[in-house]
Amino acid sequence: MDELLLHNATLIDGTGADPRPGTSVLVEKGLIRQIGSSESITPPRDGRVIDLNGLTLMPGLTDAHVHFGALGANAFAGSPGDDDSLAAYVIGVVENIELALQEGFTTVRDAGGLDPAFARAVEQGLIRGPRILPSGSHLSQTGGHGDRRDRYDERPIVSVPGILAAPVLVDGVDQVRLAARQQLRLGSTQVKVMASGGVMSPIDALESIQFTVEEMHAAVHEAEMAGKYVVAHCHTSPSINNALAAGVRSIEHGSILDEATANAILNQGAFMIPTLLVIETLAKWAEAGDIPHYGQMKLAQVRTQMPLSVELAASAGVLLGSGTDILGPGQTGRGEELALKARVIGPMKAIVSATTTNARLFRLEDSIGKVSEGMDADLIAISGDPISDISLLGNGKNIPLVIKGGQVVKESLQT
Ligand SMILES: [Zn+2]
């Protein structure tokens, strides 16, 4: 069956335009063929019609900062739990991938820790999941955010190519260059570097600035020579400025941002990807006593600041992508990121950040991120109106229809 008519929905097209009630969308051969008023589109002769009266139709959601491979008890990217076999690890990763699609996410960028082999498995149809843009292993300096060893632990951090992409510790321009080339060889669509301290790493202070401009520039050069770009983990303004000086295009977290740095991101045409959901998730874990003391202290620093930084970046006009950074096994509630961001910038802008802005960040704006003729048919239907209640997107039960590349991959509509 090549044709599918999505009949009589309220359309939110992902561009920020007002919702359009009474709209139908015709899908043909995986693409959006025609959009119009419900009366104006003729139902396909031998295709299927799905009645969406009372539902909202939107582009598939996207998440620019996932860690499908972060299953470890210490929530580190690219780590199995202490007692897990590699088989159990793979099963846990596949579960995370499948859950994201079931919750309406049709394209995601893994921000490190997922071996690109999983992205290929989705592409090959071996598992059902969103289109994945993998970063492979994070690049971190010794003692940096990717160095998850305790102070007196000198054991090497080991990856298993094709399964497990643990952080790579590299120091100096040559090591960074080699590691970037290696990640690109393994199939990464962008290179991830750790440019500041982080919440869940044992040794570093949040304010520490990691990698020199020259080191990061080596990664940027290699990525750009391959037609790709660099993503940098940065909590503070000095680390953001370092990353921008090296040519980094995607600034992750941006938790403690000042005005001059917001303008610097804007002037360089870089993107900022705040990650509000992980902060709230970690805060819940902290209440339950599930994160170490160092993590709790650093968490408190970013929790109050990040919403203010989002506000500052938005009013400066910075391109704001959408990312969750959620960790652990059984990752659900991914869409709550939009509700948290909506408190700062409103629901429509939160939706745009997770659709058209992320599509630009991914350099996929010609195929995904909006409902427009000729685009890939990545579409979701929501029971209700996400503009009046954005929290609907935080629960997959409110998303009874998911279509990826024209294929219905989830359908639980009440008939
Ligand atoms: Zn992350």
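This is a short tour of a predicted model, stop by stop. Residues are numbered from 1 along each chain as its sequence is written. Local features need pLDDT of at least 70 and side-chain atom pairs pLDDT 80 or more, while totals use all residues; side-chain values use heavy atoms, without hydrogens or water.

**The zinc ion.** Select the zinc ion first, then show His65, His67 and Asp325: they coordinate the ion through NE2, NE2 and OD at 2.1 to 2.3 Å (donors are N, O and S atoms within 2.8 Å of the metal, or 3.2 Å for Na, K and Ca; water is not among the atoms, so sites may look incomplete). His67 sits in the loop between β6 and α1 and Asp325 in the loop between β15 and α9, so this pair ties together parts 258 residues apart in sequence. Both His67 and Asp325 are buried (under 20% relative accessible area; exposed is over 50%, partly exposed in between, with a 1.4 Å probe and protein chains only).

**Salt bridges.** The structure holds 13 of them (a side-chain nitrogen of Lys or Arg within 4 Å of a carboxyl oxygen of Asp or Glu). Select Lys298 and Asp204, whose closest N and O atoms are 3.2 Å apart. Lys298 lies in helix α8 and Asp204 in the loop between β11 and α4, so the pair links parts 94 residues apart in sequence. Next, pick Asp174, Arg177, Arg181 and Glu222, joined into one network by shared partners.

**Glu215.** Finish in helix α4.

Key:
Helix = DSSP H or I, 4+ residues; strand = E, 2+ residues; numbered from the N terminus.
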